[in-house]
Amino acid sequence: MTQPELPDSAVMEAFVVAPAGFLLAVLWFDLMFDTQVRGAHPAAGAVTSISAYYRRVTTDARPMNFAVSAAMVATTAAIVVEIVTTNPVWLGWVSLALALAPMGLAAGRTVPNAKRLGQASGPTEDQLPRARSVLRDHRWCLVSIALLVGMQLIHA
């Protein structure tokens, strides 16, 4: 009985990079709105604009808003398969850390804050700290996912 052939590392890296690249693109689009609250005095209407965006992408876009969750699951699954089937193993473990850290942050804080922003509950001044928190989270997540994608592409 022959052993099944393991996937080539370049194939596995493609399966990691595709959904992670999608996540990177989503973060970029989110940041285009988030950056409106940079600086000490954001422009009038910035929080309202961000709030409308997050209402569309977290609530009004159903069922398409689940694409981000699906990409997170696909990225994680591909990395786990990469760890089990390909060398070097360090690439998979570092990739897993670079993926799970921002995913955990998104699940625990960023998405709930974005949903609250999308509900536009309360005065704009009360929403500004939440919008700035989402901006900080998205910057950090962008760096982490960019490092993941870059590392996978360089190794391929």
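Colleague: Let me start from the definition that a residue is buried under 20% relative accessible area, exposed over 50%, and partly exposed in between. Where does Phe-33 fall, and what is its relative accessible area?
Modeller: This is a predicted model, and in it Phe-33 has a relative accessible area of 23%, so Phe-33 counts as partly exposed.

Colleague: And Tyr-53, buried or exposed?
Modeller: Tyr-53 has a relative accessibility of 9%, which means that Tyr-53 is counted as buried. Tyr-54 is buried as well.

Colleague: How many aromatic pairs are there in the whole structure?
Modeller: The search turns up two aromatic pairs. In one of them, the ring centres of Phe-33 and Tyr-53 lie 4.0 Å apart and the ring planes meet at 10 degrees, so this pair is stacked.

Colleague: What about the rings of Tyr-53 and Tyr-54?
Modeller: Their centres are 4.9 Å apart and their planes stand at 70 degrees, so Tyr-53 and Tyr-54 make an edge-to-face pair. Taken together, Phe-33, Tyr-53 and Tyr-54 form one aromatic cluster.

Colleague: Let's step back. How many helices and strands does the chain have?
Modeller: There are five helices and zero strands, and 38% of the chain's 156 residues count as buried. The C-alpha atoms fill a box of roughly 70 × 30 × 20 Å along the principal axes. Of the contacts in the chain with a separation of 6 or more, 75% are between residues 24 or more positions apart.

Colleague: How do α3 and α4 pack, and at what angle?
Modeller: Helix α3 (residues 66-85) packs on helix α4 (residues 89-119) at an angle of about 160 degrees, and their axes are 9 Å apart. Since angles over 145 degrees count as roughly antiparallel, that is why α3 is described as roughly antiparallel to α4. The crossing of these two helices is left-handed.

Colleague: Which residues make that contact?
Modeller: On α3 they include Met-72, Ile-79 and Ile-83, while on α4 they include Leu-96, Leu-100 and Met-103. Sorted by class, the contact of α3 with α4 holds twelve nonpolar, four polar and one charged residues.

Colleague: At what angle do the axes of α2 and α4 cross?
Modeller: These axes cross at roughly 115 degrees and come within 7 Å, and α2 and α4 are therefore roughly perpendicular to each other. The crossing of α2 past α4 is left-handed.

Colleague: Which residues of α2 and α4 meet there?
Modeller: From α2 there are Ile-50, Ser-51, Tyr-54, Arg-55 and Thr-58, which meet Ala-114, Lys-115, Leu-117 and Gly-118 of α4. By class, the residues of this contact are four nonpolar, three polar and two charged.

Colleague: One last topic, the peptide bond from Arg-62 to Pro-63: cis or trans?
Modeller: That peptide bond is cis, with omega near 5 degrees. In general, most peptide bonds are trans. If you want to find the place in the structure, look for Pro-63 in the loop between α2 and α3.

Methods. Residues numbered from 1 in each chain as written. Predicted model: local features only at pLDDT ≥ 70, side-chain atom pairs only at ≥ 80, totals over all residues. Heavy atoms only, no water. Axes fitted to C-alpha atoms, helices over the stretch in contact; angles between N-to-C directions. Helix = DSSP H or I, 4+ residues; strand = E, 2+ residues; numbered from the N terminus. Parallel < 35°, antiparallel > 145°, perpendicular 65-115°, else oblique. Left-handed = near helix turned anticlockwise from the far one by under 90°. Contact = heavy atoms within 4.5 Å. Nonpolar A, V, L, I, M, F, W, Y, C, P; charged D, E, K, R; others polar. Phe/Tyr/Trp six-rings, centres within 6.5 Å; stacked < 30°, edge-to-face > 60°. Buried < 20%, exposed > 50% of the residue type's maximum accessible area, 1.4 Å probe, protein only.
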